[in-house]
Amino acid sequence: MIELEGLTKRFGAKVAVDHLSFQVRPGMVTGFLGPNGAGKSTTMRMMLDLDNPTSGSVRIDGKHYRELQDPLKYIGALLDAKAMHGGRSAYNNLLCLAQANRIPEKRVSEVLDLVGLTAVARKKSKGFSLGMGQRLGIASALLGDPRVLLFDEPVNGLDPEGIHWIRNLMKLLASEGRTIFVSSHLMSEMALTADHLIVIGQGKLLADTSMADFIHQNSRSYVRLRSPQQERLRDVLHEQGLAAIESGNGTLEIDGATTEQIGELAAQHRIVLHELSAQRASLEEAFMQMTAGAVEYHAHSTETGTSAPQWAPRNEGA
Ligand SMILES: Nc1ncnc2c1ncn2[C@@H]1O[C@H](COP(=O)(O)OP(=O)(O)OP(=O)(O)O)[C@@H](O)[C@H]1O
């Protein structure tokens with residue numbers, strides 16, 4: 001369990017993290033979302049005592065980081081996969097970390113095996129691909145067999161196989177009762193991985209909710225229809241007080257009705273349907289909807305509309 005209470009971080013006049021209070025619970029994957037510059041990395045750094053809060057506190061399983069004896073046994077993290085010593089082998093990188101944290105050497109081989117790097121254990125890590133480097137970073141996070149794990153953008157730059165592997169690993173670790181906290185800008189991936197979400201914008205908490213509720217509360221759901229008897233269908237819907245919006249390619253969208261209601265209505269009037277489907281906005285749409293007011297930099301189109309977007313701070317006329 002990770003508990004934040006009024007956590008705040010200022011960099012000069014900039015408030016990067018603004019009175020954040022939330023809990024990250026064990027036994028599930030909690031996603032950490034926010035637009036660029038929202039304060040995610042700063043929050044994670046404070047969880048790991050790499051930055052001092054201006055005020056407020058973080059507790060890991062009830063203790064402040066500095067009270068943890070051998071902290072790697074309580075909390076592991078993947079923040080920057082390139083933080084390894086490139087001139088050392090994967091094995092020696094992990095061995096140094098194990099020795100500094102009083103972790104038995106046999107655990108080094110175990111975690112290398114767990115992340116699939118046994119065959120390259122003696123190779124210098126500077127020759128590693130992005131995916132191998134990411135796996136080595138994860139091995140170091142797992143070294144102390146901690147109950148709490150933080151992953152900052154773990155799938156950045158990975159191929160589909162690597163992404164799939166990390167997703168399954170996080171789910172497995174959560175099913176073992178560990179606390180898994182992961183940030184990512186890849187919404188489709190987050191939707192497949194996280195059970196719960198913490199969303200922040202400009203350092204403030206915007207949402208602390210289950211994935212399903214977040215999408216439900218921040219997005220539109222509607223029914224999509226296609227029929228060769230579209231005019232007749234529109235009339236029937238109209239009689240029932242249902243407005244159909246034409247969305248191109250002969251498709252209609254209807255708010256405020258279920259597929260069951262519409263299917264039965266069509267059957268009663270002997271109208272043929274070629275499509276009848278319930279539509280729910282994606283996590284990405286729900287996220288954009290929620291954070292629209294909290295984005296630090298917006299793109300605005302240029303006069304010709306052909307040049308690259310101009311990035312401007314939100315409060316300076318974007
Ligand atoms: N050391 C620092 N000195 C000054 N400002 C900083 C420092 N670190 C972060 N900031 C500012 O604090 C804000 C939050 O940054 P942070 O990196 O935590 O955001 P983030 O949500 O992780 O962003 P991203 O998704 O782009 O990685 C940003 O405006 C950033 O410019």
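Author: The largest share of the shell around the ligand comes from H1, which gives 3 residues; helices (H or I, at least four residues) and strands (E, at least two) are DSSP runs, numbered from the N terminus. This is a predicted model, in which local features need pLDDT of at least 70 and side-chain atom pairs count only at pLDDT 80 or more, while totals for chains, interfaces and linings use all residues. Residues are numbered from 1 along each chain as its sequence is written.

Around the ligand stand Phe11, Lys14, Ala16, Gly34, Asn36, Gly37, Ala38, Gly39, Lys40, Ser41 and Thr42, a residue being near if its C-beta atom, placed from the backbone, lies within 6 Å of the molecule. Two or more of these residues are given by each of strand S2 (14-24) and helix H1 (40-47). By class, the shell has 3 nonpolar, 6 polar and 2 charged residues, where Ala, Val, Leu, Ile, Met, Phe, Trp, Tyr, Cys and Pro count as nonpolar, Asp, Glu, Lys and Arg as charged, and the others, Gly among them, as polar.
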